[in-house]
Amino acid sequence: MDSNSKYPLHGELCNCKQDRDCKCQHPFGNKVIFESRYGNLGPIDVTFAEAATLQALNQPIGSITVDTACEEVKNVVIDFTGILNVTTTVAAISTLTFTLFRICSDMRTRQPVSTVNFSIADTTGGLTASHTLAFKFPFKNEECKDCCTYVLELTNISNFDFGTITYSINGTLSALVIVSSR
């Protein structure tokens with residue numbers, strides 16, 4: 001390593017050795033953890049009758065697990081990017097509600113982290129229309145201290161017209177975790 005350089009080369013001076021309390025023995029800055037998984041839902045047929053314009057589904061689309069044991073997490077960003085295909089028998093104006101849940105090993109129940117509504121208007125019946133889904137769920141991780149699983153669910157669908165609509169979702173669920181230095 002050049003004596004005038006303050007940056008390590010080829011791992012020199014960069015060995016992170018953890019003691020028994022999981023404390024890193026070097027003063028370097030933050031690091032990130034990135035995980036990614038493919039998820040899908042459907043196709044599912046949802047029939048809207050005259051008396052019911054809201055259907056509760058609670059269908060998981062994808063999940064991702066991030067192990068943050070021995071880490072001090074500062075921020076978490078969960079990202080979902082995908083395609084929603086909708087096939088209708090009649091014109092449809094729908095709102096889909098997506099909820100991100102967190103289940104950590106130090107918790108007893110799952111917690112909702114965030115909810116997103118996505119509205120579509122398909123004016124032609126009998127065709128399949130594709131829509132791009134892109135959701136970001138940024139938050140501070142102040143409660144979980146261990147391994148966490150994040151689950152994205154399609155919790156319900158509302159529709160203003162009556163008939164059967166087929167929904168399918170394909171995409172990628174990713175987690176970016178910023179870990180502070182100790």
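Val 32 sits in strand E1, which spans residues 31-48. The model is predicted. The structure contains 1 disulfide, formed by Cys 104 and Cys 148. Val 32 also belongs to a nonpolar surface patch.

- Val 32 counts as exposed because its relative accessibility is 53%, and the cut-off for exposed is over 50%.

**Asn 40**

- Asn 40 and Ile 169 are 129 residues apart along the chain, yet 5.3 Å separates their C-alpha atoms.
- Beyond its neighbours within four places in sequence, Asn 40 contacts Pro 60, Ile 61, Ile 169 and Asn 170.

**The disulfide**

- The sulfur atoms of Cys 104 and Cys 148 are 2.2 Å apart. A disulfide requires cysteine sulfurs within 2.5 Å, so this pair qualifies.
- The link of Cys 104 and Cys 148 is right-handed, with 100° about the S-S bond.
- Cys 104 is in strand E4 (residues 92-104) and Cys 148 is in strand E7 (residues 147-159), so the bond ties together parts 44 residues apart in sequence.
- Cys 104 is buried, at 3% relative accessibility. Cys 148 is buried as well, at 2%. The cut-off for buried is under 20%.

**Cys 147**

- Cys 147 has a relative accessible area of 26%, so it counts as partly exposed.

**Asn 85**

- Which side chain makes a polar contact of 2.5 Å with the side chain of Asn 85? The partner is Ser 130.
- Setting aside residues up to four places away in sequence, Asn 85 touches Thr 128, Ala 129 and Ser 130, along with Thr 166, Tyr 167 and Ser 168.

Technical notes. Residues are numbered from 1 along each chain as its sequence is written. This is a predicted model: local features need pLDDT of at least 70, side-chain atom pairs count only at pLDDT 80 or more; totals for chains, interfaces and linings use all residues. Side-chain values use heavy atoms; hydrogens and water are left out. A polar contact is a pair of N or O atoms within 3.5 Å; within protein, one must be able to donate a hydrogen and the other to accept it, and residues adjacent in sequence count only if both atoms are side-chain atoms. Contact means heavy atoms within 4.5 Å. Helices (H or I, at least four residues) and strands (E, at least two) are DSSP runs, numbered from the N terminus. Buried means under 20% relative accessible area, exposed over 50%, partly exposed in between (1.4 Å probe, protein chains only). Patches are made of residues with over 30% relative accessible area and no salt bridge: like charges are joined within 9 Å, nonpolar side chains (Val, Leu, Ile, Met, Phe, Trp, Tyr) within 5 Å. Accessible areas come from the Shrake-Rupley method with a 1.4 Å probe; for residues, only the protein chains shown count as cover. A salt bridge is a side-chain nitrogen of Lys or Arg within 4 Å of a carboxyl oxygen of Asp or Glu.
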